[in-house]
Amino acid sequence: MEKYLINPNQKLSKINRDIYGCFSEHLGRCIYEGTYVGEDSPIPNVNGMRTDVVTALKDMGLPVLRWPGGCFADYYHWKDGIGKKENRKKMINTYWGGVVEDNSFGTHEFFELCKQIGCEAYVAGNLGSGTVQEMSEWVEYMTCDGLSPMAELRKENGQEKPWKVKYFGVGNENWGCGGFMRAEYYADLYKRYATYVRTYDPNNKPLKIACGASHEKYYWTEELMKEAGTLMDGLSYHYYTYLVDYDHKGVAKDFSDEEYYATMKNAYKIDELIQKHSEIMDKYDSQKRVAMIVDEWGSWYTAEEGTNSAFLYQQNTVRDALIAGLTLNVFNKHSDRVRMANLAQTVNVLQSVALTDGEEMVLTPTYYVFKMYKDHHDNTLLGSCITTKNIYEDGNLPQLIESASMKEDGTIVSTIVNTSMSENAEVHCQIEDFKVKEITAEIVTGDAHDYNDFDKKDVVKTCGFENFKKTEDGFTATLPPCSVVKFLIK
Ligand code: AHR
């Protein structure tokens with residue numbers, strides 16, 4: 001029996017709901033087909049946005065959406081995507097498959113999408129191939145309400161009032177696809193570009209996000225914090241889960257048990273990496289003013305056979321649901337520093353929450369975990385710990401990974417992931433100074449290889465969970481293998 005302690009007297013950081021965000025890039029079928037089908041499409045849509053996908057994202061409680069990239073961001077010229085659609089420039093998306101990008105989804109369409117979903121906007125600017133003026137004017141176009149050339153242009157294009165831009169990214173992966181820069185060089189450029197990301201309205205002041213490291217690039221974090229830490233609101237961080245590494249990604253569906261555990265171990269590594277990058281940030285920012293923005297994370301496997309490999313389409317199994325569950329628990333635990341994150345990506349690309357095929361849509365196991373974790377949004381993280389064993393010989397993978405938070409009304413939300421493929425976990429939860437009146441629970445589980453597809457949409461979904469007993473100060477429960485379980489405790 002594992003011992004699980006939750007301490008409601010230990011109120012830690014606020015879990016910013018923006019930790020539960022997604023990322024959508026002009027890549028493969030994420031935007032075109034996946035989200036935007038155009039006003040004239042036979043697929044049900046409102047102003048070109050697919051109704052099924054928008055409804056699903058709304059129900060999931062998507063708080064923030066990042067756009068337009070990714071690598072595409074440092075290649076995107078925003079003026080190509082405004083004005084009459086028939087006059088918009090067509091270009092080749094050289095980074096993702098050499099397909100024609102007709103720019104029919106641009107700034108106005110992105111904000112229309114955010115409005116329909118009811119989420120905040122995170123816009124990623126072009127530092128790699130764009131000018132300081134171009135970036136500056138984009139921010140002016142989006143946020144200026146006064147008399148200004150860009151505000152006039154926006155009005156001519158049909159948008160009278162500025163939009164709210166909560167986050168603005170100053171480049172993306174500038175150590176890689178965004179220009180292969182040295183940290184020192186990027187830090188200087190960041191300062192230059194960010195200077196001209198102006199504020200036109202103190203109530204609509206985009207938080208400036210500098211391009212941060214990925215994986216073990218500690219030097220990048222150190223340099224950026226040292227050279228530009230005081231001039232940024234957030235520093236991004238990217239972490240993808242591969243079987244081994246970028247060159248050995250593994251497969252999405254037909255993985256062996258060994259591959260399952262190796263992948264899960266790599267997913268859990270994000271905990272150690274966030275810890276280490278945070279320690280570096282602490283050296284320069286002990287008050288934690290600068291947020292860590294994990295604006296790309298998720299599983300990345302070899303693209304599904306028979307699809308365009310540059311489109312990064314992959315299926316999504318119960319293993320991915322567990323990766324989502326454990327990663328979101330890790331983010332909750334680090335919510336003093338991690339204050340926004342974006343799953344890569346939203347639809348049809350990498351670890352998506354939805355897949356589409358023509359007018360059909362399938363929700364993935366990952367979707368159900370995000371929806372289930374909605375109960376953590378904006379809660380207070382509580383002190384909690386669980387006894388558990390390491391189940392991977394060649395590294396660190398605890399069987400149980402949990403987090404607990406408290407809602408404003410005093411309800412405790414606990415989410416636990418059982419990463420074992422074969423073993424139940426017996427858990428005894430005790431809550432300090434708390435008298436339990438009522439508990440309800442939900443679960444996402446199945447065989448690790450289970451997934452939803454267009455001909456079997458409901459193989460994996462959220463179900464009620466009853467295999468627990470309420471006690472005076474907590475509960476005892478038997479969590480099945482490969483499960484993500486949520487308890488709501490009143
Ligand atoms: O999400 C796919 C790509 O991964 C993004 O474009 C890039 O930022 C990262 O390398």
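Student: What separates Lys 155 and Glu 152 in helix α4 (residues 149–156)?

Tutor: They are three residues apart in helix α4, which puts about one helical turn between them. An α-helix has 3.6 residues a turn, so residues three or four places apart point the same way. Helices here are DSSP runs of H or I with at least four residues, strands are runs of E with at least two, and both are numbered from the N terminus.

Student: Where do the numbers come from?

Tutor: This is a predicted model, in which local features need pLDDT of at least 70 and side-chain atom pairs count only at pLDDT 80 or more, while totals for chains, interfaces and linings use all residues. Residues are numbered from 1 along each chain as its sequence is written, and side-chain values use heavy atoms, with hydrogens and water left out.

Student: What makes Lys 155 and Glu 152 a salt bridge?

Tutor: A salt bridge is a side-chain nitrogen of Lys or Arg within 4 Å of a carboxyl oxygen of Asp or Glu. The closest N and O atoms of Lys 155 and Glu 152 are 3.9 Å apart, so the pair qualifies. By this rule the count comes to 35 salt bridges.

Student: Which parts of the chain does the pair Lys 253 and Glu 304 link?

Tutor: Their side chains meet in a salt bridge at 3.6 Å, N to O. Lys 253 is in the loop between β11 (234–241) and α7 (257–284), and Glu 304 is in the loop between β12 (291–299) and α8, 51 residues apart. Glu 304 is partly exposed at 21%.

Student: Why is the pair Asp 285 and Arg 337 said to tie parts together?

Tutor: Their side chains meet in a salt bridge of 2.8 Å, N to O. Asp 285 lies in the loop between α7 and β12, and Arg 337 lies in the loop between α8 and β13 (338–344), so the pair ties together parts that are 52 residues apart in sequence. Both Asp 285 and Arg 337 are buried. They also belong to a network of salt bridges that links Asp 282, Asp 285, Lys 288, Asp 336 and Arg 337.

Student: How do you know that the buried residues of α1 line one face of the helix?

Tutor: The buried residues of helix α1 (residues 51–60) are Val 53, Val 54, Ala 56, Leu 57 and Met 60. Seen down the axis of α1, they fall within an arc of 160°, so they line one face. The arc is that of the directions from the helix axis to the C-beta atoms. These residues pack against several elements, including β2 (21–23), α2 (107–117) and α9 (365–372). Just after α1, Gly 61 takes a positive phi of about 80°.

Student: Why is the aromatic pair of Phe 72 and Tyr 75 called edge-to-face?

Tutor: Rings of Phe, Tyr and Trp (its six-membered ring) pair if their centres lie within 6.5 Å; planes under 30 degrees apart are stacked, over 60 edge-to-face, and the rest tilted. By this rule the count comes to 34 aromatic pairs. Phe 72 and Tyr 75 are 6.1 Å apart, centre to centre, with 80° between the planes, so the name follows. Phe 72 is buried at 0%, whereas Tyr 75 is partly exposed at 25%. Tyr 367 and Tyr 368 are edge-to-face too, at 5.4 Å and 90°. Tyr 367, at 2%, is buried, and Tyr 368, at 13%, is buried as well.

Student: What makes Arg 319 a charge over the ring of Phe 255?

Tutor: The rule asks for NZ of Lys or CZ of Arg within 6 Å of the ring centre and within 35 degrees of the ring normal. The charged end of Arg 319 sits over the ring of Phe 255, 3.7 Å from its centre. Lys 456 lies over the face of Tyr 451, at 3.9 Å from the ring centre.

Student: Where does Arg 319 lie, and is Arg 319 buried or exposed?

Tutor: Arg 319 lies in helix α8 (residues 318–333) and is buried, at 1% relative accessibility. Contact means heavy atoms within 4.5 Å. Not counting residues up to four places away in sequence, Arg 319 touches Phe 255, Glu 259 and Tyr 301, among others.

Key
Buried < 20%, exposed > 50% of the residue type's maximum accessible area, 1.4 Å probe, protein only.
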